[in-house]
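Please go through the points below with the structure open beside you.

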Amino acid sequence: MTDPMDDDDMLAAEYAIGLLAEEAQEAARMRIATDPVFAARVLDWERQLAPLADLDPVAPPARARGALLQRLFPEPARVSLWQRLGFWQVLSGGAIAAAVALAVLDLGPQTQPTGGPLYAAEIATDAGDFRVIALVDKVRDEVVLTRTAGAAPSGRILQVWAHGPGEPAQSVGLWPDGESIALALPPEIAAVRGTLTLGISEEPPGGSPTGRPSGRVFGTVDIPGVTAVKD
């Protein structure tokens with residue numbers, strides 16, 4: 001059995017699942033933009049919880065509830081994340097096995113020091129139907145993106161954009177499929193100092209025909225204080 005989650009792990013998990021009240025959700029969103037370690041925790045939880053959303057709901061056997069809760073949460077003093085979720089009402093047969101796995105696997109963030117600036121942000125629609133966590137690594141001059149909600153419409157792909165202050169959007173690369181992708185920053189984007197703006201749009205296969213976003217822009221985010229490794 002792994003050690004209990006610490007407070008930051010609990011907060012990151014609750015944010016990833018959407019359990020936080022509006023004020024706490026906004027505070028966590030702001031922390032993602034300024035705290036790379038916390039952002040990595042959120043990213044880790046969203047990656048691991050995302051597959052559960054694709055499972056069909058089915059009620060677990062009643063006799064399994066007490067035994068599994070006792071095994072997963074032997075300390076009754078603190079209400080666990082899973083109990084707060086009320087997940088027995090929506091848990092699928094496959095998710096029961098996943099829940100047991102969660103109890104015995106180390107789900108803590110697997111982050112390593114990068115040796116240089118690392119910036120995190122979330123790109124999301126106002127409606128919350130599309131969400132992406134972005135990590136900009138200035139050691140490698142790349143951006144790692146993980147989609148945690150939504151997708152491009154059928155027959156379309158995602159395209160990632162970026163620009164510096166007062167500059168037009170420039171394509172960072174195409175994101176044709178998959179939940180995560182790592183893209184090298186073009187030299188002009190890697191050279192940005194100060195505020196770096198990231199955005200994602202949906203485009204036809206092959207990317208925007210105009211060199212600028214031509215389809216729906218799911219969202220943009222400004223990342224302030226961007227520097228280079230040697231700045």
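Predicted model: local features only at pLDDT ≥ 70, side-chain atom pairs only at ≥ 80, totals over all residues.

1. Start at Leu158, which stands opposite Trp175 in β5.

2. The strands β4 and β5 belong to an open sheet of 4 strands. Its order is β5-β4-β7-β8, and the pairing is antiparallel. At the edges are β5 (170-175) and β8 (217-226), each of which pairs on one side only. On average, neighbouring strands of this sheet are turned by 20° against each other, with direction ignored.

3. In what order do the strands of the other open sheet, the one that holds β1, run? The order is β1-β2-β3-β6, which again makes 4 strands with antiparallel pairing. β1 and β6 are the edge strands with a single partner each, so one side of each has no neighbour in the sheet.

4. Two of the partners can be checked by eye: Arg131 has Ala149 in β3 as its bridge partner, and Ile133 has Thr146 in β3. The hairpin of β2 and β3 has 4 residues between the strands, and Asp141 in this hairpin takes a positive phi near 50°.

5. On to the pairing of β3 with β6 (residues 180-184). It is antiparallel and runs over 5 bridges. Leu145 stands opposite Ile181 in β6.

6. How many aromatic pairs does a search of the whole structure find? The search finds 1. The pair is made of Phe130 and Phe218, with ring centres 4.0 Å apart and planes at 15°, so it is stacked; planes under 30 degrees apart count as such. Phe130 sits in the loop between β1 (118-124) and β2 (131-137), while Phe218 is in strand β8, so the pair ties together parts 88 residues apart in sequence. Are these two residues, Phe130 and Phe218, buried or exposed? Both Phe130 and Phe218 are buried.

7. Turn now to the helices. Helix α1 covers residues 7-17, and its buried residues are Asp9, Met10, Ala12, Ala13, Glu14, Tyr15 and Ala16. As background, an α-helix has 3.6 residues a turn, so residues three or four places apart point the same way. The N-terminal end of α1 is capped by Asp6, with a side-chain oxygen 3.1 Å from the backbone nitrogen of Asp8. Just after α1 comes Gly18, which takes a positive phi of about 90°.

8. Helix α2 (residues 22-34) lies across β1 and β2. It runs at about 140° to β1.

9. Last, the chain as a whole. It has 7 helices and 8 strands. Of its 231 residues, 42% count as buried, where buried means under 20% relative accessible area. Among the contacts with a separation of 6 or more, 63% come from residues 24 or more positions apart. The accessible surface is about 12,100 Å², and carbon and sulfur atoms make up 54% of that surface.

Terms used: Residues numbered from 1 in each chain as written. Heavy atoms only, no water. Buried < 20%, exposed > 50% of the residue type's maximum accessible area, 1.4 Å probe, protein only. Polar contact = N/O pair within 3.5 Å; in protein donor to acceptor, adjacent residues only side chain to side chain. Pairing = 2+ DSSP bridges. Axes fitted to C-alpha atoms, helices over the stretch in contact; angles between N-to-C directions. Contact = heavy atoms within 4.5 Å. Areas by Shrake-Rupley, 256 points an atom, 1.4 Å probe, with all protein chains shown as cover. Phe/Tyr/Trp six-rings, centres within 6.5 Å; stacked < 30°, edge-to-face > 60°.
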